[in-house]
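Colleague: I'm new to this one and would like a close look at a single part of it. Could you pick a strand and walk me through its surroundings?

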Amino acid sequence: GTFPTIPSIHGKNTAGDNYYRAKPCVMQKITRDTRKPRDIYEELLESEGVDAPQSTKQIRNARYHHYLRCNKDKHLSANVADEVLAVVSMVSRDDYVQNVMITKKGVMIVLYCDEQIMDLKSALKCQSMLAIDKTYNLGKWFVSCFTYKSVKVEVKETRENPIMVGPIMLHDDSSFETYHNFFSIVKCVIGSDQNIDELGMIVSEDLLLGSDDEKAISKALDIVFPNASRYLCTKHLRENIIKYLTDKIGVSKTDRSTFLTVLFGSDGLTNSDSSFSFETRAEELLSSDLMGRYPTLKKYFVSRLQPIMWNHVVKPQLRKSRKYQMWTNNNCESINSVFKADFDWKPVVMHEMVSKLYRVVKRRLIDLRRATYGTGNYRMLPTFHKRFLVSVERYNMYSYLHLLKFTMANNCIHFIYPFTGG
């Protein structure tokens, strides 16, 4: 056939934005170019004009599917059972692969190491947020990853606590049952200390959890950690609301802006400083002309938005502190980008995926160790200098895992050095 002179919408888009099919010559340039998607995108903007790709995401997806087509007869077409068996064999000889579970729902593999869990426990005791998100475009398996911020150190360049990788689940099924199994394992691990008080703390309201609004994840978190303070990502919540107002109800742009200001503005529902303030603002919104013009919007607000905004945005802030006001899941998004860059946006078989994920984890843990003797990308915070910092010579006398013993004192973690008796 002949390529049309005027591009037309193919009608199969479900994202909400207009999507135009790229010219074959442009797609060839994308698939043949080995540079980063951003570099390709910027060059095509100048050379192709209106025929340039819609976004860098279109470039990433095009390269990803091209790679799958080119390798369909190679190792990527290996039997899924072979991939799973390869990882099962790693359980007994690899410190990172902890659990492989095969059910009628699918396969799930849980990854973490002892050093991760030790640092994670110390962070949770200092009320660091434990967030989770699911990653796509890493092959035929989903990667659901916990993240948190290490409380003992800061990144030298940014002076912020570094984002650390927590337990990871590889899975091909994203049902409630799969996440319930994963979270139950994590709950057991972070609360498995011999000190029964620690177990009580870990599963209590002192635990701060964060996620987007995916139903399976939210339901499993609420059941496995019923007393925890669960935060909802306000960025994803806002995006979901805009999509619903636009696609389902047909609210005008002006009214959408007004509604979002009432919800997320400086004097909006999400910034309420008490339950009374929240209820008052909600009643004012319900009695407004905006709700009168859109009865469906009123029903959506009462049945859906008002409960989740109170339970998972405002109430956790009032219950604990305003440290995580208007919380977003940017930490998980950041780690997901690191994973994808490390994979070079190319799918791999499962045992290679495990090895690549472990390398990402190890790099951060090594920098965490190096901060103990004053070098690397991380710097020990002044609060911990006296108990944490040692010389390189003294550090080398003991392995890192034997060097650390955690105790609780005034919501702060201390090192106890076997060789000092302190």
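Modeller: Happy to. Let's get our bearings before zooming in. The chain has 18 helices and 11 strands; these are DSSP runs numbered from the N terminus, with helices being H or I of at least four residues and strands E of at least two. What you see is a predicted model, where local features need pLDDT of at least 70, side-chain atom pairs count only at pLDDT 80 or more, and totals for chains, interfaces and linings use all residues. Residues are numbered from 1 along each chain as its sequence is written, and side-chain values use heavy atoms, with hydrogens and water left out.

How far can you trust it? The pLDDT, the predictor's confidence in each residue from 0 to 100, averages 81 over the chain, and 79% of the residues score at least 70. Residues 73–77 are below 50, and this stretch has 10 contacts in the model beyond near neighbours in sequence; contact here means heavy atoms within 4.5 Å. Residues 192–202 also stay under 50, with 12 contacts beyond four places in sequence. Where pLDDT is low, the predicted coordinates should not be read in detail.

For the chain as a whole, 45% of the 422 residues count as buried.

Strand 6 has partners, and two strands pair if DSSP finds at least two bridges between them. Strand 2, residues 107–111, runs antiparallel to strand 6 and is joined to it by 4 bridges; in this pairing V110 stands opposite M169. Strand 4, residues 142–149, is antiparallel to strand 6 too, with 7 bridges, and there Y148 stands opposite M164.

H171 counts as buried because its relative accessible area is 0%. The side chain of H171 makes a polar contact of 2.8 Å with the side chain of S144; a polar contact is a pair of N or O atoms within 3.5 Å, where within protein one must be able to donate a hydrogen and the other to accept it, and residues adjacent in sequence count only if both atoms are side-chain atoms. A polar atom of the H171 side chain also lies 2.8 Å from the backbone oxygen of D173. Leaving aside neighbours within four places in sequence, H171 touches residues including V107, M108, W141, F142, V143 and Y179.

Most residues other than glycine have a negative phi. Q127 is not a glycine, yet its phi is positive, about 60 degrees. You'll find Q127 in the loop between helix 5 (114–125) and strand 3 (130–135), and it counts as partly exposed because its relative accessibility is 22%. M326, also not a glycine, has a positive phi of about 55 degrees; it sits in the loop between helix 13 (295–319) and helix 14 (330–343).

Methods:
Buried means under 20% relative accessible area, exposed over 50%, partly exposed in between (1.4 Å probe, protein chains only).
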